[in-house]
Amino acid sequence: MSKQNMTRLLLDLSTFVALLVVGAPHFTGDAVHEWLALALSGAIVFHLLLNWKWIVEVTSRLFTKSAKNLRFGYFLNWGLFVSGIMIVLSGLMISKTVVPFFGLSLPQNMSWKQLHELFTNITMILMGLHVALHWNWIVNMFKRLLPVRTASKPAASTPVATLQRKDARS
Amino acid sequence: MNTVFKILVILVGATLVGGLLYGVVTVTSSSQSPQFTEGSSSGQLPPDGNFDRPDHDGESSGIQFPMDSIKNLAIISVVGALYFNAAKFLGKRKSIPASV
């Protein structure tokens with residue numbers, strides 16, 4: 001496995017786990033929820049940087065015939081991007097820890113909380129589609145990372161003596 | 001330098017989208033509910049008198065069972081499985097030649 005693919009896999013895995021942890025503010029508490037969400041935003045920027053080539057290539061030939069099968073994934077990723085921004089924005093607007101840490105106070109508005117929850121659910125749906133689209137890549141990466149060692153059974157006619165180590169023979 | 005440019009493009013894109021969404025939400029919600037700022041000199045109070053972040057209203061703090069994570073994982077799994085099966089079904093339909 002190439003170093004870049006390894007980096008991608010590790011980053012994507014940790015981002016996914018962080019997303020699940022961030023999605024449980026009752027479990028982590030507000031401070032961890034908010035700071036981890038900010039770190040997650042950074043990880044997503046890094047994810048975009050790693051896949052920059054794909055973004056540029058598909059954007060440049062989006063409406064050609066060759067990119068027909070890529071359009072769904074492309075617009076899905078844009079949906080994820082917009083939805084993620086909405087989560088961060090609404091999260092900052094209802095922030096208890098991060099925004100006060102910087103000495104700021106923002107106007108309180110109940111609609112931001114509703115939007116935060118709504119876009120969290122939308123992001124999870126889009127994330128399900130995103131993972132499904134790249135499922136084959138994920139499985140292949142894991143197969144390369146953890147090669148299944150299928151012990152080949154010795155043929156019935158193989159004499160037992162040939163299977164013994166040389167130094168074990170008398 | 002190239003990487004810095006890419007990061008700038010991402011951040012500018014995020015700022016534009018965020019600004020647009022902020023504008024839309026502010027305009028639509030300002031006509032519906034009054035806004036209030038914590039510690040503002042105007043002395044305006046929220047309708048329910050609660051200055052806290054509106055999240056986790058009335059819930060006890062502390063570590064709890066990560067039900068939200070499980071719910072999110074379930075959503076991701078179900079949507080992914082649905083997409084996979086739909087893609088397989090459509091793929092099979094395409095591969096079957098039309099009956100004469």
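This is a predicted model: local features need pLDDT of at least 70, side-chain atom pairs count only at pLDDT 80 or more; totals for chains, interfaces and linings use all residues.
Figure 1. The pLDDT is the predictor's confidence in each residue, from 0 to 100.

Local features need pLDDT of at least 70 and side-chain atom pairs count only at pLDDT 80 or more, whereas totals for chains, interfaces and linings use all residues. Residues are numbered from 1 along each chain as its sequence is written, chains are lettered from A and ligands numbered from 1 in the order in which they are written, and side-chain values use heavy atoms, with hydrogens and water left out.

**Figure 2. Extent of the interface and the side contributed by chain A.** The size of an interface is often given as the accessible area lost when the parts come together. Between them, chain A and chain B bury about 4100 Å², and carbon and sulfur atoms account for 70% of this area; buried area is the accessible area (1.4 Å probe) that two parts lose on being put together, summed over both. On the side of chain A that touches chain B, two or more residues each come from helices H1 (3-22), H2 (25-28), H3 (30-50), H5 (71-93), H7 (110-133) and H8 (135-145) and from strand S1 (107-108) of chain A. Helix H7 of chain A gives the most to this side, with 14 residues. The contact (heavy atoms within 4.5 Å) takes 45 residues from chain A and 42 residues from chain B.

Figure 3. Chain A has nine helices and one strand, in the order α-α-α-α-α-α-β-α-α-α from the N terminus. Chain B has two helices and one strand, arranged as α-β-α. Helices (H or I, at least four residues) and strands (E, at least two) are DSSP runs, numbered from the N terminus. Of the 170 residues of chain A, 38% are buried, and in chain B buried residues make up 19% of its 100 residues. Buried means under 20% relative accessible area, exposed over 50%, and partly exposed in between (1.4 Å probe, protein chains only). Chain A has a mean pLDDT of 85, with 86% of its residues at 70 or more. Over residues 157-170 of chain A, pLDDT stays under 50, and the model has five contacts beyond four places in sequence for this segment.

**Figure 4. The salt bridge between A:Lys96 and A:Asp30.** Over all chains, the structure contains two salt bridges. In one of them, A:Lys96 pairs with A:Asp30, the closest N and O atoms being 3.6 Å apart. The pair ties together parts that are 66 residues apart in sequence, because A:Lys96 lies in the loop between H5 and H6 of chain A and A:Asp30 in helix H3 of chain A. A:Lys96 is partly exposed, at 36% relative accessibility, whereas A:Asp30 is buried, at 16%.

Figure 5. The side chains of A:Lys113 and A:Glu117 form a salt bridge with an N to O distance of 3.5 Å. Both residues lie in helix H7 of chain A, four residues apart, about one turn of the helix. A:Lys113 counts as buried at 18% relative accessibility, and A:Glu117 as partly exposed at 40%. A:His116 is also found in helix H7 of chain A and is buried, with 11% relative accessibility. A polar atom of the A:His116 side chain lies 3.4 Å from the backbone nitrogen of A:Gly91. Apart from neighbours within four places in sequence, A:His116 is in contact with A:His33, A:Ile87, A:Ser90, A:Gly91 and A:Ile94.

**Figure 6. The surroundings of A:Val99.** A:Val99 belongs to helix H6 (residues 98-101) of chain A and is buried, at a relative accessible area of 8%. Beyond residues up to four places away in sequence, A:Val99 touches A:Leu92, A:Leu104, A:Ser105 and A:Leu106. A:Val99 and A:Glu34 are 65 residues apart in sequence, with their C-alpha atoms 9.5 Å apart in space.

Methods:
A polar contact is a pair of N or O atoms within 3.5 Å; within protein, one must be able to donate a hydrogen and the other to accept it, and residues adjacent in sequence count only if both atoms are side-chain atoms. A salt bridge is a side-chain nitrogen of Lys or Arg within 4 Å of a carboxyl oxygen of Asp or Glu.
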